[in-house]
Amino acid sequence: MPDVQRGAPEVDITAEVLIIGAGAAGLTAALRARAEGAEVIVLERDESPRGSTSMSSGFVPAPGTGYQHAAGVTEDTPATFEADILAKSKGLSDPALTRLAATEIGPAVEWLGAHAGVDWQVLDSFLYPGHRFHRMHAVPEKTGAALEARLIAAAQDACVTLVTGARAETLHVDAQDTATAVRFLRPDGTAETVGCKTLVLACNGYGGNAARVLRHVPEIAAGTYYGHDGNTGHALAWGEALGAELRHLSGYQGHGSLAHPHGILISWALMMQGAVQLNADGLRFSNELGGYSEQAVHVLAQPGGVAWNVYDATRHAFGLEGFPDYREADAAGAIRTAADWDTLANGLGLPADAVSKTMAEVSTCIASGGTDSYGRSFAGVAPLTPPFHAVKVTGALFHTQGGLVIGDDGRVLRTDGRAFPNLYAAGGAACGVSGPRVDGYLSGNGLLTALAFGALSGREAARRTRV
């Protein structure tokens with residue numbers, strides 16, 4: 001179990017900036033710290049870094065970037081992005097952190113493009129729920145694994161010391177709660193200790209800790225966990241032991257479209273293009289455009305905790321062209337196909353009469369551009385054309401959104417509002433901007449705080465070593 005010890009331990013090596021976690025947050029922090037001239041060591045529990053970043057779609061929302069301008073998006077600003085985040089959370093997001101993230105993310109994305117070889121492109125073929133502008137940035141492969149690979153390569157080029165197979169367990173602090181060292185364990189059980197001048201916690205949240213999930217977000221505890229097993233809440237445990245301010249531990253990102261039983265993410269972009277979800281009775285049960293995070297809870301509430309994403313040939317071609325995960329699901333046989341609704345329903349084991357009636361109602365809404373009884377608008381949606389397609393999905397927990405509260409310089413705050421002397425947090429270890437509920441998650445909020453707070457913490461941690 002992670003613990004905190006006081007006193008000065010014997011150390012094996014010392015870093016100016018020590019970072020725990022080699023996901024997007026930790027690697028971005030490392031790159032920014034190296035750019036400030038600091039000696040950096042990153043501790044990563046896996047033998048090969050992957051984490052939640054590699055499991056994500058890799059989409060990063062950022063306003064006012066040159067990449068946006070090149071794509072013809074010139075009106076987006078940090079203020080409009082901040083307003084969109086707050087609108088999605090119904091005003092429950094931490095206002096200071098929301099403004100901080102919305103302000104820092106654009107420069108972070110630009111910096112990674114200019115100095116870390118991250119060749120961003122703006123996705124402009126669809127808008128995710130709650131975003132007023134096309135602001136999603138992605139690498140050409142459109143995967144989190146490809147983004148992670150670029151960050152690892154950039155860290156190696158920058159001479160960041162990356163120590164893998166290193167599970168951080170003990171945080172050492174002095175009488176003033178200044179972080180002095182971290183003790184980590186190797187896979188064979190041997191221990192080593194790294195001293196530090198500043199420490200950045202970038203080891204994500206608690207999604208891999210079943211006891212914490214049950215305590216803080218019981219409504220998703222029965223869902224599939226589609227996150228990294230190493231997200232065990234170490235940063236939270238250290239923060240609790242030190243008297244740090246923790247906030248919004250009940251906030252998380254869910255997803256209502258994980259192919260079952262294949263465990264492959266089916267992009268919500270298909271929903272934005274006109275797909276719908278049916279339950280085992282062949283009926284729709286919600287407004288699918290409310291957001292894919294809260295849809296996880298809606299799907300799990302259906303018979304068997306599953307649903308079927310249903311759509312047509314146009315949407316199927318869109319998925320194949322634009323999303324590697326969708327192509328993987330198709331290759332795995334997760335996508336079912338039929339010439340008409342009755343045949344599709346029979347192949348899925350759903351009541352054909354109900355499916356045909358439901359899809360006729362959807363087609364009527366599409367033709368009129370109207371709004372259905374769930375409040376979903378079908379304005380501008382192209383008609384459904386055969387052959388028709390479906391994929392069985394379930395609801396999943398992706399990662400938690402609550403965590404350590406940080407100040408404007410990235411330092412972790414105590415319960416009385418004072419900052420710890422040299423302790424920083426970023427990504428899932430820090431309190432995010434989704435508020436305390438699942439429906440507060442705006443698409444991309446996870447990588448938003450990973451890159452924005454990672455860049456901030458790395459830069460400021462390095463500068464503090466010079467004080």
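Biologist: Which residues line the largest cavity?

Modeller: Bear in mind that this is a predicted model. A search of the whole structure turns up 3 cavities of 30 Å³ or more, and the largest has a volume of about 40 Å³. Its lining is made up of K88, P129, G291, Y292, S293, E294, Y441 and S443.

Biologist: How do the residues of that lining divide into nonpolar, polar and charged?

Modeller: Tyr and Pro count as nonpolar here, Glu and Lys as charged, and Gly goes with the polar ones. Sorted that way, the lining of the largest cavity comes out as 3 nonpolar, 3 polar and 2 charged.

Biologist: And which helix gives the largest share of the lining of the largest cavity?

Modeller: Y292, S293 and E294 are among the lining residues. The helix that spans residues 292-300 supplies 3 residues, the largest share, and that helix is α10.

Biologist: Moving to the largest nonpolar core, which residues touch the most other members?

Modeller: Nonpolar side chains tend to be buried together in soluble globular proteins. The largest core here has 84 residues, and the two that touch the most other members are L199 and L451.

Biologist: Which helix provides the largest share of this core?

Modeller: With 9 residues in the core, the largest share comes from the helix covering 445-464. Apart from this core lies another one of 28 residues, including A259, A275, A329 and V393. For the 84-residue core, though, the helix you want is α15.

Biologist: Is T53 buried or exposed?

Modeller: T53 sits in helix α2, residues 51-55, and leaving aside residues up to four places away in sequence, T53 touches G23, A24, G144, A145, E148 and L447. Its relative accessible area is 7%. The cut-off for buried is under 20%, so T53 counts as buried.

Biologist: What about C159 and C365, buried or exposed?

Modeller: C159 has 55% relative accessibility, and exposed means over 50%, so C159 counts as exposed. C365 has a relative accessible area of 16%, which is under the 20% cut-off, so C365 is buried.

Biologist: How many disulfides does a search of the whole structure find?

Modeller: A disulfide needs a pair of cysteine sulfur atoms within 2.5 Å. Searching the whole structure for such pairs, the number of disulfides found is 0.

Definitions and conventions. Residues are numbered from 1 along each chain as its sequence is written. This is a predicted model: local features need pLDDT of at least 70, side-chain atom pairs count only at pLDDT 80 or more; totals for chains, interfaces and linings use all residues. Side-chain values use heavy atoms; hydrogens and water are left out. Helices (H or I, at least four residues) and strands (E, at least two) are DSSP runs, numbered from the N terminus. Buried means under 20% relative accessible area, exposed over 50%, partly exposed in between (1.4 Å probe, protein chains only). Contact means heavy atoms within 4.5 Å. On a 1 Å grid over the protein atoms alone, a cavity is a set of points where a 1.4 Å probe fits but cannot get out, and a pocket is an open set with protein on both sides within 12 Å along at least five of seven lines; lining residues have an atom within 4 Å of a point. Grid points are joined across faces, edges and corners, and a volume is the space filled by probe spheres set on the points. A nonpolar core is a set of buried Ala, Val, Leu, Ile, Met, Phe, Trp, Tyr and Cys residues joined through side-chain atoms within 4.5 Å.
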